[in-house]
Amino acid sequence: MQLSFENRTYLVTGGGSGIGKGVAAGLVAGGASVMIAGRNPDRLAGAVSEIEALGGPGSIRYEPTDVTNEEEAARAVDAATAWHGQLHGAVHCAGGSETIGPITQIDSEGWRRTVDLNVNGTMYVLKHAARELVRGGGGSFVGISSIAASNTHRWFGAYGVSKSAVDHMMQLAADELGPSWVRVNSIRPGLIRTDLVAPVFALPEVSEDYRECTPLPRPGEVEDVANLAMFLLSDAACYITGQVINVDGGLMLRRGPDYSAMLEPAFGADGLRGVV
């Protein structure tokens, strides 16, 4: 199966690093015009240079964007659409967390900022991208969620909670937008080798626990997620919508990882069970 993205334009949020950059690189290699968006202009510029150096047939630009600001999210969508006059799809990778630790000790402002980024930011990008996809006669929107949305990850605070909201939002949008030929799906990555999770690989107790929880005996790579995202954007997935698909090596079949070795030194054994 050959996937071609020639003469198509896509927006990829969180495109300066990790999964977002991997998706953008794959799309450019497939001939697409890709607008990457994110908060850090220097990181975005570096990603553009890196992807251009690979020499794919597509093209890439960047638009500095804070997705928690609806006006900026709308501006990124408008910029991607104006490039060639139509938006064909979007992959929303922008997300993160400012809360880790026992729920009895969570910083409430960090909780709000995490929910704002993962839930509200997703809604703003989806809202404005969907408008353009409908106007263009259809398209595909892919939201990047997390295995933490389905399998509890103790002490992850707002992250898994807000990613569960992303999954539901994608299904709600799929139900509403199907009559306009807009497909909407969610991807739940497991442990994927990115800079963000480098501390997991650096701590043997945690990385070994991930191995015990994962049927396929290796961590995920950015390309594992990017390949699915590109498939869902393509015509090959034209009858797939409203799905939540795990890319996790089978981790969902077992349990969430044990981070006590990483967090107990900071919070203590009693703290991890809620003692304040």
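User: Is the crossing in which α1 passes α2 right-handed or left-handed?

Analyst: This is a predicted model, and in it α1 passes α2 in a crossing that is right-handed. The helices involved are α1 (residues 18–29) and α2 (residues 41–53), whose axes come within 10 Å. For α1 passing α2, the crossing is right-handed.

User: Which residues of α2 do Lys21, Ala24, Ala25 and Val28 in α1 meet?

Analyst: The axes of these two helices cross at roughly 35°. By class, the contact of α1 with α2 has five nonpolar, no polar and two charged residues. On the α2 side, the partners are Ala47, Glu50 and Ile51.

User: How is α3 oriented relative to α4?

Analyst: Helix α3 (residues 70–84) packs on helix α4 (residues 108–135) with the axes 9 Å apart and an angle of about 30°. Angles under 35 degrees count as roughly parallel. That makes the orientation of α3 to α4 roughly parallel.

User: How many residues of the contact of α3 with α4 are charged?

Analyst: Here α3 passes α4 in a right-handed crossing. From α3 come Glu70, Ala73, Ala74, Val77, Asp78 and Thr81, while α4 brings Tyr124, Val125, Lys127, His128, Ala129 and Glu132. Split by class, that contact has six nonpolar residues and two polar ones, and the charged ones number four.

User: And α1 with α8: what is their orientation to each other?

Analyst: α1 and helix α8 (residues 222–233) have axes 8 Å apart and pack at an angle of about 55°. Roughly parallel needs an angle under 35 degrees, and roughly perpendicular runs from 65 to 115. The orientation of α1 and α8 is therefore oblique.

User: How many charged residues does the contact of α1 with α8 have?

Analyst: The crossing of α1 and α8 is right-handed. α1 puts in Gly18, Ile19, Gly22, Val23, Gly26 and Leu27, and α8 puts in Val222, Val225, Ala226, Ala229, Met230 and Leu233. By class there are nine nonpolar and three polar residues, and as for charged ones, no residues.

User: Which elements give two or more residues to the lining of the second largest pocket?

Analyst: The second largest pocket holds about 360 Å³ of space. It is lined by 20 residues, with Gly139, Trp181, Val182, Arg183 and Cys238 the closest to its centre. The lining divides into seven nonpolar, 10 polar and three charged residues. The elements giving two or more of them are β5 (139–144) and β6 (182–189).

Technical notes:
Residues are numbered from 1 along each chain as its sequence is written. This is a predicted model: local features need pLDDT of at least 70, side-chain atom pairs count only at pLDDT 80 or more; totals for chains, interfaces and linings use all residues. Side-chain values use heavy atoms; hydrogens and water are left out. On a 1 Å grid over the protein atoms alone, a cavity is a set of points where a 1.4 Å probe fits but cannot get out, and a pocket is an open set with protein on both sides within 12 Å along at least five of seven lines; lining residues have an atom within 4 Å of a point. Grid points are joined across faces, edges and corners, and a volume is the space filled by probe spheres set on the points. Helices (H or I, at least four residues) and strands (E, at least two) are DSSP runs, numbered from the N terminus. Ala, Val, Leu, Ile, Met, Phe, Trp, Tyr, Cys and Pro count as nonpolar, Asp, Glu, Lys and Arg as charged, and the others, Gly among them, as polar. Axes are lines fitted to C-alpha atoms, for helices over the stretch in contact, and angles run from 0 to 180 degrees between N-to-C directions. A crossing is left-handed if the near helix is turned anticlockwise from the far one by less than a right angle, and right-handed if clockwise. Contact means heavy atoms within 4.5 Å. Angles under 35 degrees count as roughly parallel, over 145 as roughly antiparallel, 65 to 115 as roughly perpendicular and the rest as oblique.
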